Structures are given as structure tokens and as C-alpha cells.
Amino acid sequence: MGFAPLNPSYDTVFLRALRVSVVNPFEVNMRPASAALTTYLAQNDTVVIADLYTFALPSGVTLRYSGWTTALSIPGTAFPAGSLNYDAAGYAGFALGPRFARSKVSTKIGVAPTELDISVLAGAGDLVDTFTFADAVRLGEFDGATVELDRLFCPPQSGAALDTSLGAIVWFYGRVADADCGRSKIDIKVKSLMNLLALQQMPRRLYQAACGHVFGDAMCGFDRSTMAATATALSGSTQAQLATSLAPSPSTLFDQGTIVGLGGANAGTGRTVKQVAGGTVYLLKPFLFPVAPGDTFRLLPGCDHTTATCQNIFSNLARYGGFPYIPPPELAV
């Protein structure tokens with residue numbers, strides 16, 4: 001498997017452009033590109049290319065990294081509409097963060113998902129909010145994150161500054177399927193959105209005792225906001241557990257539920273509640289930002305998908321999606 005250079009220098013890319021045709025115009029034309037870029041590639045054989053990496057985390061945080069030798073600030077209109085970086089009025093800033101290497105991108109016909117392997121060499125100073133890059137991966141912050149690889153095309157010129165007038169092309173777009181942290185590097189496997197077809201449960205309904213609905217969805221029909229509660233973080237709260245005066249009834253009401261920040265640094269960020277015990281809310285994954293006393297949070301109830309909980313707590317047995325009275329397989333005749 002071949003990898004692109006780590007943060008290639010201007011001379012490296014320029015010499016490579018002189019030696020071979022850097023891009024296939026036909027392959028470029030298969031993707032949305034600006035008229036200026038299409039015209040330039042049709043008339044010129046040399047071009048400078050810089051990779052741009054964008055990670056949209058499920059928590060709502062968007063990370064942008066430059067694959068060039070310097071940080072880049074690129075007009076949002078340089079990206080095609082639909083890109084994570086498209087902005088009709090502003091600029092997208094790409095920091096000079098970790099060093100990246102990646103596999104080649106292939107285009108396939110059919111329903112097989114394409115893959116992109118990214119290797120990240122991150123140092124102690126490469127932070128995702130308050131965590132190091134490696135710790136953020138270990139904590140699951142990148143699980144299911146949307147990844148976009150853009151290629152910025154620039155005409156050759158002297159100096160380190162790049163002419164961004166030609167625009168960028170979305171080279172790969174997908175979601176993180178797997179991430180592994182080693183001693184020296186982080187390996188991230190990204191699969192195209194075609195992979196979502198393989199994640200769909202078929203058939204949709206299964207004969208099982210537990211409810212198969214997602215709690216609060218259209219099939220379940222229960223409005224979780226009717227039993228929501230607001231809690232204030234007290235002294236001693238951390239990013240992984242919140243000390244509150246909450247006393248839910250029943251005590252397991254918010255277990256496997258959802259907590260969303262209303263105020264403070266984590267406003268708008270959601271996490272899954274592992275358990276509420278003694279007024280302390282334990283989280284399945286910690287918040288990215290520190291929790292300060294006085295920060296407010298909204299908690300939504302969770303469900304263990306049993307008939308007892310559905311009937312006794314939520315009074316929603318008529319919409320129960322399981323089949324608790326089917327005999328076990330060894331008794332079926």
C-alpha cells in the first residue's frame with residue numbers, strides 16, 4: 001500500500017508535478033470542480049497539490065488540518081457545495097497539526113464501499129480540545145466521525161504562499177469505521193457512505209423478546225422530553241462524572257439516557273448517561289471541555305427495552321416492539 005508524503009514540501013510536489021502528470025483530468029472531471037480549475041488542468045501539465053483533512057466529530061466539533069508545510073486559510077467558496085468546508089461568506093482555517101499519511105483513493109462501480117487508510121503521527125501538543133489526539137481516539141471521540149479529504153490545486157509559484165483561486169476538490173468522503181492507537185502512530189480506517197448499506201438490519205423486524213425500537217423514535221412513539229430534567233453541576237464535577245442534586249424516580253430513569261449541555265463550555269454537546277447514583281451522573285464518554293460548577297445540563301430518560309419498563313414507567317406498552325410471549329426455540333414445535 002502506497003502512502004502520500006507526510007506534509008510534502010513545495011519542492012517535492014513541484015518536482016513530482018514536472019516528472020509525471022500529477023492528476024488525471026478525467027478523474028477530476030468526475031468530481032465537482034470549479035471552472036477555473038477545469039480550464040487550468042486542460043491547458044497546463046504542472047500543478048501544486050495540498051491535501052486537506054476535515055474531521056466532523058459526533059460531538060459537533062470540527063477539526064481541520066493542513067497537509068501542506070504551513071497552516072492554510074482558504075475561502076469557503078473554493079470548495080464545492082455540499083463540502084463540510086463550503087462557506088459562501090467566510091474562510092476555512094486548516095491548522096498545521098499532526099502529520100498525516102494516507103493510502104490511495106480508488107473509484108469503484110457498484111455497491112462495494114471504498115476505503116481510505118489514514119496514519120496520524122500526533123505529538124503531545126496536538127490537542128482535541130483538552131485531550132491529546134491519541135487520547136481522543138481512545139475515548140471514542142472519532143467513532144462514527146465524518147471525514148473529508150480535499151485536494152487543493154494551486155499553480156506553481158515562488159515562495160511558500162499558495163494561490164487558492166483554482167479551488168479544491170472533495171477527493172474522499174466517508175465515516176470512521178475503525179481506529180487503532182499504537183505507540184508511535186494512530187491508524188484510522190474510513191469507509192465511504194456506501195458502507196451504511198451494510199449496517200442496516202435486515203429484515204427490519206426480528207422476533208425477539210426485547211423491544212427493537214429506538215427509544216423515542218417514530219416507531220416507539222414516546223416523547224422523551226415529557227420526563228426530562230434539568231441539573232446543575234456542583235463542586236467536584238469532572239468531565240466524566242457530574243455531581244448534582246438530582247434524585248430521579250425511579251432511580252434508574254436516566255440510566256442509558258442522554259445528557260445535553262445547556263450552559264458552559266459543553267453547551268449543545270450530548271453524551272450517553274451510564275448511570276445516575278447518589279446524585280452523581282456517570283457518563284459513558286467524558287465531555288471534551290471541563291465542567292465548571294454552575295453549568296446546566298438537560299437529561300432525557302433511557303430505556304432497557306423490557307416490557308416492565310415500557311408499561312410501568314413509560315405507560316407505552318401498546319407500542320412495545322418486542323415479542324415477549326414467543327416460546328424459546330427449544331420449546332417451539
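This is a predicted model: local features need pLDDT of at least 70, side-chain atom pairs count only at pLDDT 80 or more; totals for chains, interfaces and linings use all residues.
Residues are numbered from 1 along each chain as its sequence is written, and side-chain values use heavy atoms, with hydrogens and water left out.

Strands of a sheet pair through backbone hydrogen bonds, either parallel or antiparallel. In what follows, strands (E, at least two residues) and helices (H or I, at least four) are DSSP runs numbered from the N terminus, and two strands are taken to pair if DSSP finds at least two bridges between them. Under these criteria, the model contains an open sheet of seven strands with antiparallel pairing, in the order β2-β1-β9-β10-β11-β6-β5. Its edges are formed by β2 (62-66) and β5 (99-102), each of which pairs on one side only. Neighbouring strands of this sheet are turned by 30° against each other on average, direction ignored, where the axes are lines fitted to C-alpha atoms and angles between N-to-C directions run from 0 to 180 degrees. Within the sheet, β9 (residues 146-154) and β10 (residues 168-181) are joined in the antiparallel sense by seven bridges, and threonine 146 has arginine 175 of β10 as its bridge partner.

Side chains of opposite charge can pair when their charged atoms come close. With a salt bridge defined as a side-chain nitrogen of Lys or Arg within 4 Å of a carboxyl oxygen of Asp or Glu, the count comes to eight. In one of these, aspartate 51 and arginine 151 approach each other with their closest N and O atoms 3.2 Å apart. This pair links distant parts of the chain, as aspartate 51 belongs to strand β1 (residues 48-56) and arginine 151 to strand β9, 100 residues apart. Relative accessible area is used here to call a residue buried under 20%, exposed over 50% and partly exposed in between (1.4 Å probe, protein chains only). On this scale aspartate 51 counts as buried at 10%, and arginine 151 counts as buried at 11%.

A salt bridge also joins lysine 191 to glutamate 115, with an N to O distance of 3.8 Å. Here the partners lie 76 residues apart, lysine 191 in strand β11 (residues 186-192) and glutamate 115 in strand β6 (residues 115-121). Lysine 191 is partly exposed at 21% relative accessibility, and glutamate 115 is partly exposed at 35%. Both residues belong to a network of salt bridges that links Glu115, Asp117, Lys189 and Lys191. The C-alpha atom of glutamate 115 is separated by 8.8 Å from that of serine 103, twelve residues away along the chain. Serine 103 is placed in the loop between β5 and β6 and is buried, with a relative accessible area of 4%.

A further salt bridge is formed by arginine 271 and glutamate 141, whose closest N and O atoms are 2.9 Å apart. Arginine 271 lies in strand β15 (residues 270-277) and glutamate 141 in the loop between α4 (133-138) and β9, so the pair ties together parts that are 130 residues apart in sequence. Arginine 271 is buried at 6% relative accessible area, and glutamate 141 is buried at 2%.

Grid points are joined across faces, edges and corners, and a volume is the space filled by probe spheres set on the points. One cavity of 30 Å³ or more was counted, and the largest cavity has a volume of about 90 Å³. Its lining includes Cys211, His213, Cys220, Cys303, His305 and Cys310. The second largest pocket holds about 410 Å³ of space and is lined by 20 residues, of which Arg31, Thr114, Trp171, Phe172 and Tyr173 lie nearest its centre. Strand β10 gives the most to this lining, with four residues.

Terms used
On a 1 Å grid over the protein atoms alone, a cavity is a set of points where a 1.4 Å probe fits but cannot get out, and a pocket is an open set with protein on both sides within 12 Å along at least five of seven lines; lining residues have an atom within 4 Å of a point.
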